[in-house]
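Let's take a walk through this structure together. Have the sequence and the 3D view ready, and we'll go stop by stop.

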Amino acid sequence: MEGAPRTAETGQSIDSAPAGHENCGRRCWRDARALPAPDDPEDGPGSPGAGPGGAGDGPDGAGDEPGFRILYVCTGNLCRSPLAERLTRSVLGPCPALQVISAGTRAEPGRQMAERARRVLVRLGGDPGGFVSRSLTSELLAAADLVLTATTEHRAESVAGHPPAATRAFTIAEFGALARAVPADAVGRHEDPVRRARALVAEVRALRGLVHVDRPDIPDPYGRSWLAHRAAGRRIARSLAVPLRLLTHSPTP
């Protein structure tokens, strides 16, 4: 398009996002190295991506690299956390700015999703292809800007494994409930996907203890019926609906 901004490297227009990146923001479909660094001059001292106090920032080092990392945690990394991971990826697309993974507190590495969880995921619009389980480590927790767990017990185990994660660890249901109280423009005013994600975490953290969270845990369906897996999948999808909408949609003018 004539007059549209163009990249210095290729001269190509950056107004048209490739498929899968339509809602990611103006930087995310570029090379990952073009993402804003923490010392980007656009970040003021009070902005969500700047310095201590911003979501994912802290003495442990999370938030010190470009991009934003979401880590989902359950027990075996076979049902709940992979459901959440792949549902999130299906909404965010292959965005290099927003990285989404999952792990299990007692996982056996290298296993595929449980078959019933796979079927539920497909029905909900996610893709289980290529998934293999991994064990939760302190390194994964330290690198994560947001830790979302299936239950309060998983949250406690995550924080025990890496105490600085306490300020950015929530259960999936808790995060969804708190996100419903976040004003859309508090997140949507940020065009960059990383700043938007950090703003969301900061807003949700500020609401902790002020908003009642009913049933913060999502029961483990592993080894149970199809109905139990479907209930878990639907609960995860409902809990993530508002946070993902805040990350991908601008508020109505």
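A residue counts as buried when its relative accessible area is under 20%, as exposed when that area is over 50%, and as partly exposed in between, using a 1.4 Å probe and protein chains only. Keep in mind that this is a predicted model, where local features need pLDDT of at least 70, side-chain atom pairs count only at pLDDT 80 or more, and totals for chains, interfaces and linings use all residues. Residues are numbered from 1 along each chain as its sequence is written, and side-chain values use heavy atoms, leaving out hydrogens and water.

Let's start with the sheet. Helices (H or I, at least four residues) and strands (E, at least two) are DSSP runs, numbered from the N terminus, and two strands pair if DSSP finds at least two bridges between them. Here you'll find an open sheet of four strands in the order E2-E1-E3-E4, with parallel pairing. Strand E2 (98–104) and strand E4 (169–171) are the edges, each pairing on one side only. E3 and E4 run parallel and are joined by three bridges. Look for threonine 149, which stands opposite threonine 171 in E4.

Now for the charged side chains. A salt bridge means a side-chain nitrogen of Lys or Arg within 4 Å of a carboxyl oxygen of Asp or Glu, and the structure holds seven of them. One of these joins arginine 69 and aspartate 145, at 3.3 Å from N to O. Arginine 69 sits in strand E1 (residues 68–74) and aspartate 145 in the loop between helix H3 (138–143) and strand E3 (146–149), so this pair ties together parts that are 76 residues apart in sequence. Arginine 69 counts as buried because its relative accessibility is 15%, and aspartate 145 is buried too, at 0%.

What does glutamate 174 form a salt bridge with? Its partner is arginine 208, and the closest N and O atoms are 3.4 Å apart. This pair links distant parts of the chain, 34 residues apart: glutamate 174 in helix H5 (residues 172–179), and arginine 208 in the loop between helix H7 (193–207) and helix H8 (226–248). Glutamate 174 has 13% relative accessibility, so it counts as buried, while arginine 208 is partly exposed at 27%.

One last stop: glutamate 85 and arginine 89 meet in a salt bridge of 3.2 Å, N to O. Both lie in helix H1 (residues 80–92), four residues apart, about one turn of the helix. Glutamate 85 is buried at 2%, whereas arginine 89 is partly exposed at 35%.
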